[in-house]
Amino acid sequence: CSTLISAGYSTLTVGSAEEAIVVAKKEKPKAILMDVVMPGQNGFQATRKLHNDPDTADIPVIIVSSKNKASDKVWGLRQGAVGYITKPVSSNQLLEKLRELA
């Protein structure tokens with residue numbers, strides 16, 4: 001978060017996929033950085049729900065995960081993510097991916 005704040009971005013942090021969906025509908029963020037491994041629903045499921053909901057379909061989701069297999073990336077993009085970054089993520093890599101959305 002500190003990297004994003006230093007670069008001028010406002011951030012919101014949630015603790016679960018379900019909470020991410022609720023907050024996305026309410027706050028309408030310009031982008032979502034989504035982990036895959038979370039309690040309850042996983043990030044792939046949340047990304048699919050956000051992508052298929054007309055209220056949130058236009059919010060770009062970038063998956064940021066330790067899951068680094070090619071099949072994970074393909075699956076994430078099939079769920080509606082616009083990008084997939086594997087951890088550990090450098091500040092430059094994260095900011096570059098966000099700039100691509102602008």
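This is a predicted model: local features need pLDDT of at least 70, side-chain atom pairs count only at pLDDT 80 or more; totals for chains, interfaces and linings use all residues.
Local features rest on pLDDT of at least 70 and side-chain atom pairs on pLDDT 80 or more, while totals for chains, interfaces and linings use all residues. Residues are numbered from 1 along each chain as its sequence is written, and side-chain values use heavy atoms, with hydrogens and water left out.

Q: How many residues of strand 2 are buried?
A: Buried means under 20% relative accessible area, exposed over 50%, and partly exposed in between, using a 1.4 Å probe and protein chains only. From strand 2, Val61, Ile63 and Ser65 point one way and Ile62 and Val64 the other way, and all are buried. The number of buried residues in this mostly covered strand is five of five.

Q: Which residue of strand 2 stands opposite Ile32?
A: Strands 1 and 2 run parallel and are joined by three bridges; two strands pair if DSSP finds at least two bridges between them. Not counting residues up to four places away in sequence, Ile32 touches Ala24, Leu50, Ile59, Pro60, Val61 and Ile62, where contact means heavy atoms within 4.5 Å. The residue opposite Ile32 in strand 2 is Val61.

Q: How much space lies in the largest pocket?
A: On a 1 Å grid over the protein atoms alone, a pocket is an open set of points where a 1.4 Å probe fits, with protein on both sides within 12 Å along at least five of seven lines; lining residues have an atom within 4 Å of a point. Of the 28 lining residues, Leu4, Leu12, Ala31, Ile32 and Leu33 are the closest to the centre of the largest pocket. The lining divides into 21 nonpolar, four polar and three charged residues. The space in this pocket is about 930 Å³.

Q: Is Ser16 buried or exposed?
A: Ser16 lies in the loop between helix 1 (2-6) and helix 2. Leaving aside residues up to four places away in sequence, Ser16 touches Met38 and Pro39. Because its relative accessibility is 15%, Ser16 counts as buried.

Q: What distance separates the C-alpha atoms of Asn92 and Thr3?
A: Asn92 is placed in helix 5 (residues 91-101) and is exposed, with a relative accessible area of 61%. Asn92 and Thr3 are 89 residues apart along the chain, and the separation of their C-alpha atoms is 9.2 Å.

Q: Which residue is joined to Lys87 by a cis peptide bond?
A: The residue is found in the loop between strand 3 (83-86) and helix 5. The bond has an omega of about -5 degrees, and the residue that it joins to Lys87 is Pro88.

Q: What is the phi of Lys28?
A: Lys28 lies in the loop between helix 2 and strand 1, and is partly exposed with a relative accessible area of 42%. Its phi is positive in a residue other than glycine, with a value near 50 degrees.

How values were computed
Helices (H or I, at least four residues) and strands (E, at least two) are DSSP runs, numbered from the N terminus. Grid points are joined across faces, edges and corners, and a volume is the space filled by probe spheres set on the points. Ala, Val, Leu, Ile, Met, Phe, Trp, Tyr, Cys and Pro count as nonpolar, Asp, Glu, Lys and Arg as charged, and the others, Gly among them, as polar.
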